[in-house]
Amino acid sequence: MFTIKVLPYLRKSIRPLFAIFLVATIIALSACARLGEASTDLSSQNVLPTQLVQPGVQKPGMGATGGPFFWSFWVKNRTAAADAMIGSFVPFTKLDTMQLAVSTNFVLYQQFYDPLVSNTLLTSAQANTVLATLETAYTNLKNVYGAGSAPYVNGGARIVILAYTIQDDCATTGNYVGGYFAPRDLYSNTFTSALYTDPVVMQQYSNLIGILGGYSNEMSIINYDLPLSSCTSTVPTSQINDRVIHELSHLFTYSKRVVSNRLANHDLWIAEGIAENAPNQTVQFANMEQLRLTQLASPSTITYYQSAPQITDFTTWGPKIIGYIQSNLFFNYLRHRAELNAAGSAATMIAQLITQNDGTISGIDSLISQYVPGSGFSALYTDYVLTHYLSMLGIPITDTGGINSAGGPGLQTTYNFANVNIGSSTSTVDGTIIKAKYESANSIPFNYDAPTCPDGSTGLMPNSYVIIRYQMGGDFTPPDTAGANTVPGELPLKFIVNLTSEANLISATPPASVSFLSGSAGTTFNVTAPAYGLNAQDVLHILIINPNTTGSCRVLNATNPQILNRNHSRWVGSGGTANPSPDYTWQKKTGAPWDNSNNGGYWRPGGVAVFTGGTPTTTPSYTPSNFLFVTDYNNMSVQKVDLDEGTPLGRLGSTSTTCPTSNTGWDLFTNRYQNNYCANSFDNPMGVYVDGSQNIYVADTKNLRIVKYDQNGNFQAWMGLNGTCSVNSWQGAASVTDYLTLQAAGATTGVTSSPCMFTFPQAVTSDGTNLYIVDNGAHRIIKRDMATGNFIAFIGNGSSGWITSSAAHDTPSGFGNGLFWGPSGVAIAGSTMYVADTQNMRIVRVDLTTGNFTGWMGNGVTGWQTSWGGSAPTGNPAVKYFSSPSGIATDGTYLYVADRDNNRVVKIVADGVTACGGPVIPARADSYCGWVGYGKFGWEPSQAAPGTDPYASVSYYPPEYYSKPQSIAIATAAQKGTRNDYLYITSVYNGRVTRININCADNPKSTACAASGYNPLAP
């Protein structure tokens, strides 16, 4: 059995018609083996009863008809809480089935369903199609494995293919058992064996032995899951037979190796590697290999590759899909290399592997030496890593040399996967060209945080690797330090540098080949900017590999922050992929799923503000002093978070559908918040601001108002329009008014309404004296007295300069001077206001004193522009453009823009004149510093944002990716009393708030990127 955590976006990804049931067997994430099965007692393998427990009863698989049409099997409950034990029936279930198809060596039974209740039956024709493929595979497996390899069947019966809803833990833990093989399931566990061997058990259950025998599996059997629960998924029709053949291969391996040759089981990664490659070996199906390569580049694996999983370790690296991916591709590659050496060698090698005495990595090492002369595991493992790295990039792989060939380091490509249709431009999965999946560097499972050795140091375990992004910056000589458990002959770390820049790799015309520098730790790598035609800002890919079979965890470069843990991006929100509960600290793994009730989780985070009170106190206990305030507009609430530790401190809002007269302050309970207009309720709050006394001002968007709370979360007042414009100051709880009444009181709606009224206020800020409200629906900025709440003036609707009149204006949105179009964000520095003019795709600069528009930025230009002619700009992913900029923050020197629809954050020198230099490495020629997002760890000055999101499910973005960043705030090191400056952005569709280390983004080579760079208690 193999139990695996199925990640939600993969569960939903594949559901073609036929696959709807065979499928989850079978699912790519669940090709199950014997993981978790009881260990085999070799002394009793060939002394199992050869007679039926109930003589004369025709069982499934027997006779010309393949057994009775209806049958009840005795199957194992695969939930974690149902472990087998003597005297317990918990692990076993009676399964009623019906026969669907019979062939020479197989019979397929399916769990019986009432067709009036369920339409989830396989048809007989579909079942026969599966068995026809299995017959071909059966014959070919016998040819590959040789005499004595056919699975043992009691009394000459057929192998049973049993399709049913396997009981597993998917509903509660996400562990999904897609299928497993059971050569003699009745005798594979303590309890069922004891039914026929233990005198005490035989006496205790004497009245049930015959019944249980009737439900037993007295023949070889393959179990696979039908996708009936919400946690199962389907696979493409092209992959169904691959999954069944996977389990059939396990059956052959077990029969040949354990039953016939009485050898110990293979190490799990070897057993799975054999089964994963069986479809191609037997019926020339390459779907499994194609799928595994695809999964390697999927976001669900990225966080686990940050931990550098060992190929030989199948059980400790998060979801076991990592083990399947690695074992599949490695053994596929080994077959290929053997076949390159001599035609027909692949099948011969597999047959030998099945029966050789050594079932460990040492046996693999000797096998490689025999079938790939001059090589061994360490050399071949290095080539394997490099090969599918190139395949992921979509680079044609044609040479039969390699990085370890006699030519040594230099200009090399490596190997050809054409015989299994991987990496070729004509290879497809479900009609999609495989090469197209890897034309973006975003598809590579980059390591963003170096893995950790068991002793706590940073390094690589044997037979593991990482792929990192490295920004140009001169020579480097990586040291190599062996950790504990060193062994004689242990090799140093291997470094392979791709000398083609990442921008070139993912360009519209990617290269047909690439060049590498190759060497071991201790080698000096010359990667200065002029070398190889590279620019100073270019990003290179480096593969770092520990090629040893066993030995120490070798320590990575201890002096290079680009190779060590990079303190660049973290997030808070609901728990990541490995934990369904909220994670209340700054996270670096992938995440987060949306959460509509838990404190600390978000459904649609909108606005963000920070309060910086300096270094937290530690005596007598830790007391936070820096806080983050986040509006969660679909959760109708505002959240408070410890800015330093990421711990949620409560929410404002109401769970009541009535109008309570008082609130509970910062609510720490799990609640579903309701939209309402009451004093303690919100309706889609979008913006938030906090003043020096920790008063919180919320742009309560659909309630058309601004609401004020004190630092304890107590309601203070609200402002909007309540009657006439002369009555518009701060008002109390008793006068709260619903949306329709407010709208009617404004006489009209939208831009023709009185500027005393808010039409969907979206953001709010202050200069300490006045509040400035971004009135998104009316395309203007409204100025109010912060203390009294009185209306002062507005700009927009054609006005450049503060207008104090309360009369309605008829001029709508636009792109000329004095006009906004759906503005969303605002920031103030000194006497200057900056507005994210969202639908105009630009940033507007305003003189705060006069209200005059003094320039705009965007549309591909550098610096502040004053000409307003031409047509309205449109969104563009190129640099110096914006696409729906929605948030803006400034430290007075730089502007930081949440470029929402480009899924990035942009940095610009605020004066628009000074070239971007100083902390930004390398310096720029103009004021545009660049952008981060899409996995970038330094400000990208020239490359456009990718045209589409890189991943299918935003819940699995690594922290360096943002989906629709909405609002942005800044907290400097001086304000917080910490080491670095940070940005905080709400990533709307990621359901999280992301923290970006500005100093690390400015210089990815600096110590600011070190893992120890963030310490809330360190100055």
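Q: Which hand does the disulfide of Cys916 and Cys929 have, and why?
A: First, a caveat: this is a predicted model, where local features need pLDDT of at least 70, side-chain atom pairs count only at pLDDT 80 or more, and totals for chains, interfaces and linings use all residues. Residues are numbered from 1 along each chain as its sequence is written, and side-chain values use heavy atoms, with hydrogens and water left out. A disulfide here is a pair of cysteine sulfur atoms within 2.5 Å. The torsion about the S-S bond of Cys916 and Cys929 is about 105 degrees, so this disulfide is right-handed. Cys916 sits in the loop between strand 38 (904–909) and strand 39 (928–932), while Cys929 is in strand 39, so the link ties parts 13 residues apart in sequence. Strands (E, at least two residues) and helices (H or I, at least four) are DSSP runs, numbered from the N terminus.

Q: How many disulfides does a search of the whole structure find?
A: The search turns up 4 disulfides. One of them joins Cys659 to Cys678, S to S 1.9 Å. Its ends are 19 residues apart, both in the loop between strand 22 (648–652) and strand 23 (685–690). With -70 degrees about the S-S bond, the Cys659 and Cys678 link is left-handed.

Q: Is Cys678 buried or exposed?
A: Go by relative accessible area: under 20% is buried, over 50% exposed, and in between partly exposed (1.4 Å probe, protein chains only). Cys678, at 1%, counts as buried.

Q: What about Cys1000 and Cys1009: which hand does their link have?
A: That one is right-handed, with 105 degrees about the S-S bond. The sulfur atoms of Cys1000 and Cys1009 are 2.0 Å apart. Cys1000 is buried at 0%, and Cys1009 is buried at 0%.

Q: Now the helices: at what angle do helix 9 and helix 12 cross?
A: Axes are lines fitted to C-alpha atoms, for helices over the stretch in contact, and angles run from 0 to 180 degrees between N-to-C directions. Helix 9 (residues 268–283) and helix 12 (residues 321–341) cross at roughly 60 degrees, their axes coming within 8 Å. That makes helix 9 oblique to helix 12, given that under 35 degrees is roughly parallel, over 145 roughly antiparallel, 65 to 115 roughly perpendicular and the rest oblique.

Q: Which residues of helix 9 and helix 12 meet?
A: Contact means heavy atoms within 4.5 Å. Among them are Trp269 and Ile270 in helix 9, and Phe330 and Phe331 in helix 12.
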